[in-house]
Amino acid sequence: MLRGFYTAASGILTNERTLNVLTNNMANAKTPGFRASRVVTTTFDHELLTRIEGYNTGRIGVGSPMRRVEDVLVNFNPNSLEETGSPYDMALDGLGYFNIQDEEGNQFLTRNGAFELNDENQLVLTAGGFVMGEKGIIELATSDFTVEYDGTIYDARGKKVDKLLLTIPPEGTEIEQTRNGLFTVADMEANLPVDPGTNVIQGYLERNNIDLNQEYAMVMEAQRAFQSCSSALQIIDRIDQKAAQQIAAL
């Protein structure tokens with residue numbers, strides 16, 4: 001009976017985590033440059049299954065009564081660009097990330113180029129932090145500025161203001177998605193400059209790679225599995241209670 005408890009409980013925990021990831025994807029369906037995540041599950045150690053018939057035994061195979069969440073992976077496939085016409089909106093055509101710094105000084109990476117000016121004329125990512133240039137936090141006096149393909153920013157007089165800090169983690173680096181489409185790596189200082197083939201497109205935003213139809217279908221699947229495991233756990237609990245009462249009565 002204990003195996004039934006563990007199997008049902010592991011199913012509840014796994015599907016609960018899956019629902020959290022999927023609903024977070026759906027909540028960011030309008031976040032530019034957001035990358036969808038997927039839960040990857042694995043089994044615990046396998047057990048040898050045998051068939052016993054009288055004095056004869058035969059190996060059936062192996063199995064595992066429980067599954068667990070092994071990792072949550074991010075789908076980094078890029079998406080198309082959408083024209084907005086806003087001079088503050090920027091998209092990356094190619095590999096690489098914008099660099100963002102929050103008020104605590106923490107550094108992040110993002111593909112979300114929906115920027116704006118704050119009250120101090122600093123270029124910021126809404127609910128994200130300050131947009132970083134090679135000289136530090138980018139400051140702009142007005143909306144009359146131009147961003148070249150390489151990320152260099154010029155004011156209305158043609159004077160260079162700064163250059164967007166565009167980097168990419170070294171190959172094989174584990175990238176973790178945090179909040180609002182922000183990413184982080186263990187060693188931000190190890191990030192490399194983007195290749196010359198990566199262009200900054202002003203007045204555009206990169207669409208996220210979320211397919212809402214697929215997300216809805218996967219949410220319904222996870223909900224049904226969650227409900228099934230919950231019902232199974234309740235049934236096993238009632239059977240266990242009834243067995244304990246009948247044995248006690250004897």
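**Salt bridges in a predicted model**

Colleague: Hi! Which residue does Glu206 form a salt bridge with?

Modeller: Glu206 pairs with Arg111, and their closest N and O atoms are 2.9 Å apart. Keep in mind that this is a predicted model.

Colleague: Thanks. Where in the chain do Glu206 and Arg111 sit?

Modeller: Glu206 is in strand E21, while Arg111 lies in the loop between strand E8 (107–110) and strand E9 (115–117). They are 95 residues apart, so the pair links distant parts of the chain.

Colleague: Are Glu206 and Arg111 buried or exposed?

Modeller: Both Glu206 and Arg111 are buried.

Colleague: Changing topic, how many salt bridges turn up in the whole structure?

Modeller: The search finds four. One of them joins Arg38 and Glu215, with the closest N and O atoms 2.6 Å apart. That pair also links distant parts of the chain: Arg38 is in strand E1 (residues 37–43) and Glu215 in helix H2 (residues 212–249), 177 residues apart.

Colleague: Why does Glu215 count as buried?

Modeller: Because its relative accessibility is 0%, and buried means under 20%. Arg38, at 23%, counts as partly exposed.

Colleague: Nice. What about Arg207, which side chain does it meet?

Modeller: Arg207 meets Glu82 in a salt bridge, at 3.8 Å from N to O. Arg207 is in the loop between strand E21 (204–206) and H2, and Glu82 is in strand E5 (residues 81–83), 125 residues apart. Arg207 is partly exposed at 36% relative accessibility, and Glu82 is partly exposed at 39%.

Key. Residues numbered from 1 in each chain as written. Predicted model: local features only at pLDDT ≥ 70, side-chain atom pairs only at ≥ 80, totals over all residues. Heavy atoms only, no water. Helix = DSSP H or I, 4+ residues; strand = E, 2+ residues; numbered from the N terminus. Buried < 20%, exposed > 50% of the residue type's maximum accessible area, 1.4 Å probe, protein only.
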